[in-house]
Amino acid sequence: MPHLALYTFGVLKSPLADPAPLTHEFYDLGEAVYRKISQHPGYLARAEAADGDRGMHFEADWGAWGEFAVPTWYGKGRTVETTALAATLSLWTDLRPAFDAVYTGLHREALNRRYDWFERAEHPNYVCWWVADGAIPTWQDGVSKLEHLHDHGSVPHAFTFHHSFAPDGTPTRVKGIGPKSDQVR
């Protein structure tokens, strides 16, 4: 059975190495969110750097998740001192558990504060797509899907929770996800 891949990307207001209280707050909350999400039903795995250093993205060994990549619109630094981004790449059993993990609990609280830490963007900040059972999506896959979503909107191979598709490519609505007018009841 296919699994749902989820890639998120945001540009931070300040570099990850910034010693300001807001940066520390983002890190501390982020670590708690990761712990909570990894215990969520339906969670399978996420890309983690082999060395686990904070702020390491471009130089890190990501193993099967591939070389770290960012969308073309990211224009800030790429060194440990200048990197100003947050990105995740994860695998889920289905749409519902991923949606619930993102839009409830501690992660929801963090989303409510996103503009404290992240720049407002004209680009989407996440994308979903289906991968074959046993496949590991790469960072480049996530970037390509996010850029495609930005350029073309939701399609079966790059979509949002609110305009989602089943693994066979048919449009789908999960109760509680999407515009109220077309929710499945």
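Contact here means heavy atoms within 4.5 Å. The model is a predicted one, where local features need pLDDT of at least 70 and side-chain atom pairs count only at pLDDT 80 or more, while totals for chains, interfaces and linings use all residues. Residues are numbered from 1 along each chain as its sequence is written, and side-chain values use heavy atoms, with hydrogens and water left out.

Now for the overall build. The protein chain has five helices and six strands, taken as DSSP runs numbered from the N terminus (helices H or I, at least four residues; strands E, at least two). Read from the N terminus, the order is β-α-β-β-α-α-α-β-α-β-β. The radius of gyration is 16 Å, close to the 16 Å that the globule rule gives for 185 residues, so the chain is as compact as a globular protein of that length. That radius is taken over C-alpha atoms, and the rule is 2.2 Å times the number of residues to the power 0.38. The C-alpha trace spans about 50 × 35 × 30 Å along its principal axes. Of the contacts with a separation of 6 or more, 71% link residues 24 or more positions apart.

Next, the inside. Buried residues make up 41% of the 185; buried means under 20% relative accessible area, exposed over 50%, and partly exposed in between (1.4 Å probe, protein chains only). The largest nonpolar core has 56 residues, and Phe9 is among those with the most contacts inside it, along with Leu4, Tyr7, Trp62, Trp92, Trp139 and Phe161. Strand E1 (3-11), helix H1 (21-38) and helix H5 (139-152) are among the elements that each supply at least two residues of this core. Such a core is a set of buried Ala, Val, Leu, Ile, Met, Phe, Trp, Tyr and Cys residues joined through side-chain atoms within 4.5 Å.

Val33 sits in helix H1 and, at 8% relative accessibility, counts as buried. Val33 and His107 are 74 residues apart along the chain, yet their C-alpha atoms are separated by 5.8 Å. Gln39, in the loop between H1 and strand E2 (43-46), counts as exposed at 61% relative accessibility. From Gln39 to Lys145, 106 residues apart in sequence, the C-alpha to C-alpha distance is 26 Å.
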